[in-house]
Amino acid sequence: DGSGLKRYRELSRSGILMGLAFHPLVVKYATQKLGSCWKASSVQLHRLPSHFPLESISWHVDWPYTIQEWWDVNRQLKSLQFIWCLNDFSEQTGSMLYVPGSHKLGYPPVDRKRMPNVSACVNAIAGSLIVMDPRLHHTASPNPSDQHRDAILVSHVGYNIPTMETI
C-alpha cells in the first residue's frame, strides 16, 4: 500500500523531514564526526515490505562509498547516515544486519547476496535514531510479518562531497 509514501509526503510538506535532518542530535553527531563544514545529502523514506524474503537481501554500503574512488587511503569519514525508525526494527519486522568492523576494510561487500560468517543485528523501537558509518556493510533481515517497516534515512556529507539529491 502507499501509506508509507503518503506519510513521507505529509512529513515533507509539513517541514518535519527537515526537522529530522537537522535535529539537535543529528547536528551534534554530524559536527563531531564530519567537522564544522558538512551539508545534508538526502532525506528518504525507506520501506522494508511485509513478507520481505531472504532471497532479496543485498549487502551494501551507502553514499558516497558506493563509488570506489571515495574509499581513500586515509579512510577519512566523508558521510554519516541517520536512521529514524518509524516502526520497530525487530526480528519479526526485519532488523538491520551489519558486519562488525567492516567499515575499516576499505572496500564494499564482494558478494552482495552471500551472508557473511559474522553478522550482528540492530533492533530498535519506533522513534529510535540509529547513527551509522555508511562504510559499514549492512542489509535488512527478512520481514516475515504482515506489517511494512518504515524509516526516514538522512545522509550528511562533508562539504566537498557531492550530495545525492538537492535539498
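**View 1. Serine 141 sits in the loop between β6 (138-140) and β7 (149-158).** Strands here are DSSP runs of E with at least two residues, helices are runs of H or I with at least four, and both are numbered from the N terminus. This is a predicted model, where local features need pLDDT of at least 70, side-chain atom pairs count only at pLDDT 80 or more, and totals for chains, interfaces and linings use all residues. Residues are numbered from 1 along each chain as its sequence is written, and side-chain values use heavy atoms, leaving out hydrogens and water.

View 2. Is serine 141 buried or exposed? Serine 141 is buried, because its relative accessible area is 9% (buried means under 20%, exposed over 50%, partly exposed in between, with a 1.4 Å probe and protein chains only). Leaving aside residues up to four places away in sequence, serine 141 touches Leu48, Phe52, Ile57, Gly94, Ser95 and Leu97 (contact means heavy atoms within 4.5 Å). A polar atom of the serine 141 side chain lies 2.7 Å from the backbone nitrogen of serine 95.

**View 3. Four strands form an open sheet in the order β1-β7-β2-β5, with antiparallel pairing.** Two strands pair if DSSP finds at least two bridges between them. At the edges are β1 (38-48) and β5 (129-132), each pairing on one side only. From one strand to the next, the twist averages 20° (axes are lines fitted to C-alpha atoms, for helices over the stretch in contact, with angles from 0 to 180 degrees between N-to-C directions).

**View 4. Now look at β1 and β7, antiparallel strands joined by ten bridges.** Leucine 45 has isoleucine 152 as its bridge partner in β7.

Terms used: Polar contact = N/O pair within 3.5 Å; in protein donor to acceptor, adjacent residues only side chain to side chain.
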